[in-house]
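Dear colleague,

I am handing over a structure for you to look through, and the notes that follow it are meant to be read with the sequence and the 3D view open side by side.

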Amino acid sequence: MADPLHSAPQSTFTPRVFSGIQPSGGLTLGNYLGAIKRFVDMQDQGIETIYCMVDLHAITVWQDPAALRHQTRELAAGYLAAGLDPKRSILFNQSQVSAHAELGWVFNCVARMGWMNRMTQWKDKTSGKDAEKASLGLFAYPSLMAADILLYHATHVPVGEDQKQHVELTRDIAAKFNHDYKVDFFPITEPVIEGAATRVMSLRDGTRKMSKSDPSDNSRINLTDDADKIASKIRKAKTDPEPLPETMDALADRPEARNLVNIYAALAGTDKDAVLAEFAGQGFGAFKPRLADLAVATLAPISVEMGRLMQDPAEIDRILGDGADRADAIATPILDRTLEITGMIRSRRR
Ligand code: TRP
């Protein structure tokens with residue numbers, strides 16, 4: 001497959017990566033391999049990268065204010081500790097760039113009720129009687145997400161499979177805006193979907209995604225876990241008594257075993273077949289200590305660095321303020337032009 005970041009279907013738009021991350025707390029190994037590490041790696045691919053912590057999206061469901069502030073800083077600390085360079089990438093929180101909310105409003109007037117009603121995430125979250133109690137913001141969530149992306153004319157959006165429909169809606173909004181106003185202003189953004197290689201499953205049940213909301217803390221590795229905790233959780237991870245096979249196909253019916261091989265490959269930056277080539281014929285008594293060593297070597301330094309960064313929240317806030325200034329410099333002209341296209345007078349001198 002061609003490198004998705006360097007295939008340019010929209011030749012008039014400069015390639016630019018944008019993604020949003022919810023500061024909803026509790027970073028796990030799943031977030032690290034599925035988003036953080038992926039996003040940090042993209043910064044080294046010679047393309048502009050903008051990462052937004054979407055606090056305006058977070059409040060579509062109730063958030064305790066102190067907890068939200070803490071989680072936003074902790075998420076930023078996680079990215080920085082994992083190697084995000086705030087000089088090369090833009091890292092900021094959404095609410096500091098007011099253009100997001102403003103373009104979100106315009107898109108509320110472009111998107112149709114029918115489109116929003118078809119969003120599977122909305123339907124899942126509001127099945128049955130819950131719909132009446134959901135916030136209006138939760139319904140409009142995907143329209144604000146489209147604004148996040150299109151405010152930067154982003155061409156590529158790395159997301160998990162669960163967000164693909166929202167990126168498709170973003171494309172529909174861009175196309176309808178361009179069509180209705182007879183312009184070629186917004187790009188038709190490409191989703192860059194997370195591969196199965198980075199999907200991390202629960203350590204207790206290999207058929208469920210690793211999640212911060214699982215009641216069992218042993219089901220996940222938190223990015224804040226120290227070396228002992230990481231090693232102990234891997235020792236306790238559910239497995240089976242069989243040795244590791246030669247091929248991934250032979251792991252089809254062994255979800256826990258498959259998950260651990262997958263985690264090993266992702267942490268080591270190799271492919272799963274290479275891991276099996278090394279461990280075929282050995283049981284988990286031999287594999288788990290090696291995986292624990294690898295996980296501790298990779299994750300413990302991140303946890304230590306996150307702890308260090310969290311000692312100095314003012315420095316985190318300074319980095320986010322600087323990121324927001326740089327994001328705003330890109331977003332404001334695009335918002336201005338959008339409002340102009342829609343027929344609004346823009347005569348203020350700022
Ligand atoms: N909805 C995304 C999620 O829950 C977060 C998000 C908000 C996002 N705005 C975005 C992702 C823009 C990509 C681009 O994961």
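**A buried histidine in a loop**

At a relative accessibility of 13%, His-153 counts as buried, and please keep in mind throughout that this is a predicted model. The residue sits in the loop that runs between helix H7 (136-150) and strand S4 (156-159), and its phi is near 50°, which is a positive value in a residue other than glycine. That deserves a second look, because most residues other than glycine have a negative phi.

Lys-182 also has a positive phi without being a glycine, with a value near 55°. This lysine belongs to the loop between helix H8 (164-180) and strand S5 (190-193). Is Lys-182 buried or exposed? With a relative accessibility of 75%, Lys-182 counts as exposed, because the cut-off for that word is over 50%.

If neighbours within four places in sequence are left aside, Thr-170 is in contact with Ala-146, Ile-149 and Leu-150. Asp-180 lies in helix H8 too, but with a relative accessible area of 38% Asp-180 is partly exposed. Between Asp-180 and Ala-329 there are 149 residues in sequence and 27 Å in space, taken from C-alpha to C-alpha.

**The two domains**

The protein is divided into domain 1, which is made of two stretches (4-198 + 312-342), and domain 2 (217-308). The centres of domain 1 and domain 2, taken over C-alpha atoms, are separated by 31 Å. How many residues of each domain are in contact with the other? On the side of domain 1 there are 15 residues, and they are in contact with 16 residues of domain 2.

**Helices H3 and H13**

Two packed helices are described by the angle between their axes and the distance between the axes. Helix H3 (residues 65-81) packs with helix H13 (residues 313-341) at an angle of about 80°, and their axes are 10 Å apart. H3 and H13 are therefore roughly perpendicular to each other, since that description covers angles from 65 to 115 degrees. From H3, the residues that meet the other helix are Arg-73, Ala-76, Ala-77 and Leu-80, and their partners in H13 are Pro-313, Ile-316, Asp-317, Ile-319 and Leu-320. Sorted by class, this contact of H3 with H13 has seven nonpolar and two charged residues, and no polar ones.

**Helix H10 and its surroundings**

Helix H10 (residues 255-268) has 14 residues, and from its first C-alpha to its last it reaches 20 Å, which is close to the 20 Å expected at 1.5 Å a residue. Why can H10 be called largely enclosed by the rest of the structure? Twelve of its 14 residues are buried, so H10 is largely enclosed in that sense. Among these buried residues are Glu-256, Asn-259 and Asn-262, as well as Leu-260, Val-261 and Ile-263. After H10 comes Gly-269, whose phi is positive, near 70°.

The axes of H10 and H11 come within 8 Å and cross at roughly 110°, and these two helices are therefore roughly perpendicular to each other. Their contact is made by Val-261, Asn-262, Tyr-264 and Ala-265 of H10, together with Lys-272, Val-275, Leu-276 and Phe-279 of H11. By class, the contact of H10 with H11 has six nonpolar residues, one polar residue and one charged residue.

Apart from neighbours within four places in sequence, Val-296 is in contact with Ala-227, Ile-230, Ala-231 and Pro-301. Val-296 and Asp-225 are 71 residues apart in sequence, and their C-alpha atoms are 9.7 Å apart in space.

With best wishes

Notes: Residues are numbered from 1 along each chain as its sequence is written. This is a predicted model: local features need pLDDT of at least 70, side-chain atom pairs count only at pLDDT 80 or more; totals for chains, interfaces and linings use all residues. Side-chain values use heavy atoms; hydrogens and water are left out. Axes are lines fitted to C-alpha atoms, for helices over the stretch in contact, and angles run from 0 to 180 degrees between N-to-C directions. Helices (H or I, at least four residues) and strands (E, at least two) are DSSP runs, numbered from the N terminus. Angles under 35 degrees count as roughly parallel, over 145 as roughly antiparallel, 65 to 115 as roughly perpendicular and the rest as oblique. Contact means heavy atoms within 4.5 Å. Ala, Val, Leu, Ile, Met, Phe, Trp, Tyr, Cys and Pro count as nonpolar, Asp, Glu, Lys and Arg as charged, and the others, Gly among them, as polar. Buried means under 20% relative accessible area, exposed over 50%, partly exposed in between (1.4 Å probe, protein chains only). The expected span of a helix is 1.5 Å times one less than its number of residues. Domain bounds come from an automatic or database domain assignment.
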